[in-house]
Amino acid sequence: MKKNLENVYEAQIKALQQEIAALQGQQDTNEREIAMNLAGGRMQDALLIMTGHQEKEMGKSQRDVTAHLKTEIMEMEEDLIRQTKINGIVLVNCCVKTVEKGNKKMVQQHRLTGHCSFLDFQVEFELTDVQEDTTLVRTITDLNIVMDSTEFKDFSNFVSGVEDKRDLLLFFRTLRRFSDRCEDRRRTFQHFQEKYPCVVSLPGGCRAEVMQIKSPKLAGCALMIYWSIEVTNEGDITPKIDLLTKMPEQVLEMDSRKVIEKAPDSFQSLLRILGAEASIDTVIQSVAV
């Protein structure tokens, strides 16, 4: 009889241990699935909502802990603002979910949403931590990047290569530099459109690759600045600016000195000497006069 009771107690204890382990695992998963909104002030506001109405009921030690947490959150937000100013990347949402956890291995799924200048992105990756003796080995075992970058063929190809190599650092480093070059182009195009509104037009908008220059006196005559931004699989970025001509056949026949035909090569020589903005300005003035 005594032995039977011991067996019953042991079975109940084992069942309780399993239930506790399952609850602890569920708690850990729930904690890691919490999405953190990283917009300025949101974390602090959330803490105030959770704790503000309870401060009157708190003891001194609880109020001290709350004050310390508020200070830490303010410092984190200030650090986030500094990092955003340095690297230009704004994280809007971050979500972490633990999908596997053992004594020597843990697998987490991460999802980051944000933008760099006008380029929005969503990055999803799986991070695997494996404990090997005294060394923790951390690797990205899966990477998926979602971007509305179909208009940028080279950058789309680069993103595909990054996903294959699972090189998250290369993606963020290149994204910032690519965004900066796009911003240089936008700023230049917009400047000339405002400076020469009767001559310069932007058919695809100021963020597109083409700027059109039309002579107000010569109907059908047009020049186009084609400004592309090439990205290699290694993340090297090279702006490429070309001059394209669109002239009526009659005008080409009258050009005995082949000035129009030589214009693209002459423009490349100007670029090497004067730089992008001064060279484009020279072309516009030659058409506008």
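This is a predicted model: local features need pLDDT of at least 70, side-chain atom pairs count only at pLDDT 80 or more; totals for chains, interfaces and linings use all residues.
**The β4–β5 hairpin**

Strand β4, residues 119–132, and strand β5, residues 135–147, run antiparallel and are joined by 12 bridges. Within this pairing, Gln-122 has Val-146 in β5 as its bridge partner. The two strands form a hairpin with two residues between them. In the turn, Asp-133 adopts a positive phi of about 55°.

**Helices α4 and α5**

Helix α4 spans residues 153–165 and helix α5 spans residues 168–195. Their axes come within 10 Å of each other and cross at roughly 165°. An angle over 145 degrees counts as roughly antiparallel, and α4 and α5 are therefore roughly antiparallel to each other. The crossing of α4 past α5 is right-handed.

From α4, the residues Phe-155, Phe-158, Val-159, Val-162 and Lys-165 take part in the contact. They meet Leu-170, Phe-171, Thr-174, Leu-175 and Phe-178 of α5. By class, this contact comprises eight nonpolar residues, one polar residue and one charged residue.

**An aromatic link between β4 and α5**

Seven aromatic pairs are found in the structure. One of them is formed by Phe-121 and Phe-171, in an edge-to-face arrangement with 6.2 Å from centre to centre and 80° between the planes. Because Phe-121 belongs to strand β4 and Phe-171 to helix α5, the pair ties together parts that lie 50 residues apart in sequence. Phe-171 is also among the α5 residues that meet α4.

**The four-stranded sheet**

Strands in the order β6-β7-β8-β9 make up an open sheet with antiparallel pairing. Two bridges connect β6 to β7 in the antiparallel sense, and Val-200 stands opposite Ile-213 in β7.

| Strand | Residues |
|---|---|
| β7 | 210–214 |
| β8 | 222–231 |

Helix α5 lies across β6, β7, β8 and β9, and runs at about 170° to β8. Helix α7, residues 259–274, packs on the sheet and touches β8 and β9. The direction of α7 makes about 150° with that of β9.

Methods: Residues are numbered from 1 along each chain as its sequence is written. Side-chain values use heavy atoms; hydrogens and water are left out. Two strands pair if DSSP finds at least two bridges between them. Axes are lines fitted to C-alpha atoms, for helices over the stretch in contact, and angles run from 0 to 180 degrees between N-to-C directions. Angles under 35 degrees count as roughly parallel, over 145 as roughly antiparallel, 65 to 115 as roughly perpendicular and the rest as oblique. A crossing is left-handed if the near helix is turned anticlockwise from the far one by less than a right angle, and right-handed if clockwise. Contact means heavy atoms within 4.5 Å. Ala, Val, Leu, Ile, Met, Phe, Trp, Tyr, Cys and Pro count as nonpolar, Asp, Glu, Lys and Arg as charged, and the others, Gly among them, as polar. Rings of Phe, Tyr and Trp (its six-membered ring) pair if their centres lie within 6.5 Å; planes under 30 degrees apart count as stacked, over 60 as edge-to-face and the rest as tilted.
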